[in-house]
Amino acid sequence: MYQITKGQWNGYDTFIMHSDTLEATLLPGLGCNVIRLWDKAAQRDILRAPAESDLDYYMTKPYHFGIPMLMPPGRIRRGKFEYAGVSYQFDQNTANDNHIHGLHRLQPWSVIRAEANDGQAVVTAQFHTADDDNWMRQYPTPLEFQLTFILQGSTLSQHLTVTNIGGQAAPFGFGTHTWFLIDGEPNRWTLQVPVSGIYELDEELITTGNTIPLGKNEQLLNGMNLQGTDFDTVFSIGTDKPEAWLTRDDGYRIRYAGNRPFFKHWVLYTRGVADEIVCVEPYTWLTDAPNLPFDNDTTGLIDLKPNEPITLVLDLEIQHP
């Protein structure tokens, strides 16, 4: 049975999507992120969820919980680049005066559809960057976002449609920073991700454009046990399908997949030696993409033409043993 209910988190409205097996909590008023995904069958949280007491932390770093959206993801050197004759200057918010993780933080989204029927639950929200002076100060080309969440059985899908409503082409990159829980039992979990190389990072954690061999990370191709792993690593997926599998030793599986041709890179992050979490982060563009001396097909930078929308799709599926 599908339904949508409303709740509250620290005074902000939440929309809670229900199926027989999953419960997804959305927070439209603070960035429209998924802040909780509860597995009813397994009685476990799938994602790192913010508690009510985490409000101050969430307001500072909302991308540390759930499924936050990064627009664009990763670092940009000194926050500065030019594209199609337009200068962009993002806030310098790292220790090295670079920019990290984009302009999307706590903006309120407007829910324009919330309905459930016999086959699915659907919530659609929208956001116009022209309504955010701080966004426009840094990225002067106005964009329109429409985000649709679809819950069907044990699969939650996100469809983000991006439209450039300005007068010139604009660069766009997207990623998520999805916090999967591994419950303090990394030895029970393996991660399988299609990867073809590692992007070299400099001392400021920005890609140099060089790729290096996978080495021991080649185990990711068939499934790497997470015990003792320590990831803060940017990978290329080559020509493979952008689909990751997180599997527990009892056969419990999580599939996380993006749509072609957009998702070209993965970041894996464990916040130190893997224990409670592993972040599996599909990216469309490579860190610092506008400043790299490569074509868009290599970096994944999306050339947004005026009034030619693109749709990015991510599917998160739970498979029970």
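In the predicted model examined here, the lining of the second largest pocket comprises three nonpolar, five polar and two charged residues. The residues that form this lining are Ile 198, Lys 216, Asn 217, Gln 219, Met 224, Gly 228, Thr 229, Asp 230, Phe 231 and Thr 233, and the space within the second largest pocket amounts to about 180 Å³.

The largest pocket holds about 460 Å³ of space. Its lining consists of 21 residues, of which Tyr 63, Arg 75, Ile 100, His 101 and His 177 lie closest to the pocket centre. Two or more lining residues are contributed by each of strand 22 (232–236), strand 25 (265–269) and strand 26 (277–283). When sorted by class, the lining of the largest pocket contains nine nonpolar, seven polar and five charged residues.

The largest cavity has a volume of about 60 Å³, and its lining is made up of Met 71, Pro 72, Phe 81, Phe 90, Trp 135, Tyr 139, Leu 143, Phe 145, Pro 171, Phe 172, Gly 173 and Trp 285. Strand 13 (143–152) and strand 15 (170–172) are the elements that supply two or more residues to this lining, in which 11 residues are nonpolar, one is polar and none is charged.

Phe 145 and Phe 172, both part of the lining of the largest cavity, also belong to the largest nonpolar core, a set of 75 residues in which these two, together with Trp 109 and Phe 180, touch the most other members. Beyond its neighbours within four places in sequence, Phe 172 is in contact with Met 71, Tyr 139, Leu 143, Phe 145, Val 162, Trp 285, Gly 300, Leu 301, Ile 302, Leu 304 and Leu 312.

The side chain of Glu 204 makes a polar contact of 2.9 Å with the side chain of Arg 78. With neighbours within four places in sequence set aside, the residues in contact with Glu 204 are Arg 75, Arg 77, Arg 78, Asn 96 and Asn 98.

Notes:
Residues are numbered from 1 along each chain as its sequence is written. This is a predicted model: local features need pLDDT of at least 70, side-chain atom pairs count only at pLDDT 80 or more; totals for chains, interfaces and linings use all residues. Side-chain values use heavy atoms; hydrogens and water are left out. A polar contact is a pair of N or O atoms within 3.5 Å; within protein, one must be able to donate a hydrogen and the other to accept it, and residues adjacent in sequence count only if both atoms are side-chain atoms. Contact means heavy atoms within 4.5 Å. A nonpolar core is a set of buried Ala, Val, Leu, Ile, Met, Phe, Trp, Tyr and Cys residues joined through side-chain atoms within 4.5 Å. Buried means under 20% relative accessible area, exposed over 50%, partly exposed in between (1.4 Å probe, protein chains only). On a 1 Å grid over the protein atoms alone, a cavity is a set of points where a 1.4 Å probe fits but cannot get out, and a pocket is an open set with protein on both sides within 12 Å along at least five of seven lines; lining residues have an atom within 4 Å of a point. Grid points are joined across faces, edges and corners, and a volume is the space filled by probe spheres set on the points. Helices (H or I, at least four residues) and strands (E, at least two) are DSSP runs, numbered from the N terminus. Ala, Val, Leu, Ile, Met, Phe, Trp, Tyr, Cys and Pro count as nonpolar, Asp, Glu, Lys and Arg as charged, and the others, Gly among them, as polar.
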